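Please look over the sequence and the structure shown here, and keep both in view while reading. The paragraphs that follow move from the overall fold to particular residues.

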Amino acid sequence: MKSAQKLLIAGAAIAGILCGTSITGWAEKGEWGEGPRMESKEFTKHQKKMAKELGLTEEQQKQMKEHREQHREKTKATRDQLKTAREALKNELDNPSTDAATLDTLKQDIISAQSTLLDERINMVQGMKKIL
């Protein structure tokens, strides 16, 4: 029971970190993934609180940090592609002579990048659960 409760809290914490960081970044900068960096005081404070609540060892905390950094590096190109596709779509929507085919192509580019990022987010959470 205690293990299941710990896993549930960990899953909720990880989801909160992932969603909160992305939403905060978008709200502050207008684009996903460009908000407070993982080294910010707020994030570090939150990390320490969660580590204490979960009873993580120093080694587990180190592994979690490395795992997040690897995820961030692995998804950088896709996040850049998503940003570029969103900007292109915005520009096309502002263009009075744009055509539906161009808009559809850009929409598909965005959907593809978002899908890839979601897959990687799921992989990241699964990896974090293994560390626990």
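A residue is called buried when its relative accessible area is under 20%, exposed when that area is over 50%, and partly exposed in between, with a 1.4 Å probe and protein chains only taken into account. By that scale Asp80, with a relative accessible area of 36%, is partly exposed. The structure is a predicted model, in which local features need pLDDT of at least 70 and side-chain atom pairs count only at pLDDT 80 or more, while totals for chains, interfaces and linings use all residues. Residues are numbered from 1 along each chain as its sequence is written, and side-chain values use heavy atoms, with hydrogens and water left out.

The chain holds four helices and zero strands, which gives the pattern α-α-α-α when read along the sequence; helices (H or I, at least four residues) and strands (E, at least two) are DSSP runs, numbered from the N terminus. Of its 132 residues, 27% count as buried. The chain exposes about 9,200 Å², and carbon and sulfur atoms supply 56% of that area, the accessible areas coming from the Shrake-Rupley method with a 1.4 Å probe, where for residues only the protein chains shown count as cover. Where a contact means heavy atoms within 4.5 Å, residues 24 or more positions apart account for 66% of the contacts in the chain with a separation of 6 or more.

The mean pLDDT of the chain is 81, and 70% of the residues reach 70 or more. Among the elements of the chain, helix H1 (residues 2-29) has the lowest mean pLDDT, 54, whereas H4 has the highest, 95. Over residues 21-32 the pLDDT is below 50, although this stretch has 21 contacts in the model beyond near neighbours in sequence.

Side chains of opposite charge can pair when their charged atoms come close. If a salt bridge is taken as a side-chain nitrogen of Lys or Arg within 4 Å of a carboxyl oxygen of Asp or Glu, the count comes to four salt bridges. One of them joins Asp80 to Lys76, with the closest N and O atoms 3.0 Å apart; both residues lie in helix H3 (residues 58-94), four residues apart, about one turn of the helix. Lys76 counts as partly exposed, at 40% relative accessibility. Lys90 and Asp94 form a salt bridge as well, the closest N and O atoms being 3.3 Å apart, and here Lys90 is exposed at 51%, as is Asp94 at 52%. In helix H4, Asp104 and Lys107 lie three residues apart and form a salt bridge of 3.3 Å between the closest N and O atoms.

Which residues make up the largest nonpolar core? A nonpolar core is a set of buried Ala, Val, Leu, Ile, Met, Phe, Trp, Tyr and Cys residues joined through side-chain atoms within 4.5 Å, and the largest one has five residues: Leu82, Ala85, Ile110, Ala113 and Leu117. H3 and H4 each supply at least two residues of this core, with H4 giving the most, three residues. Leaving aside residues up to four places away in sequence, Ala85 touches Leu106, Asp109 and Ile110.

Further along helix H4 (residues 100-131) lies Gly127, which is buried because its relative accessible area is 14%. The C-alpha atoms of Gly127 and Met64, 63 residues apart along the chain, are separated by 8.8 Å.

Technical notes:
pLDDT = per-residue confidence, 0-100.
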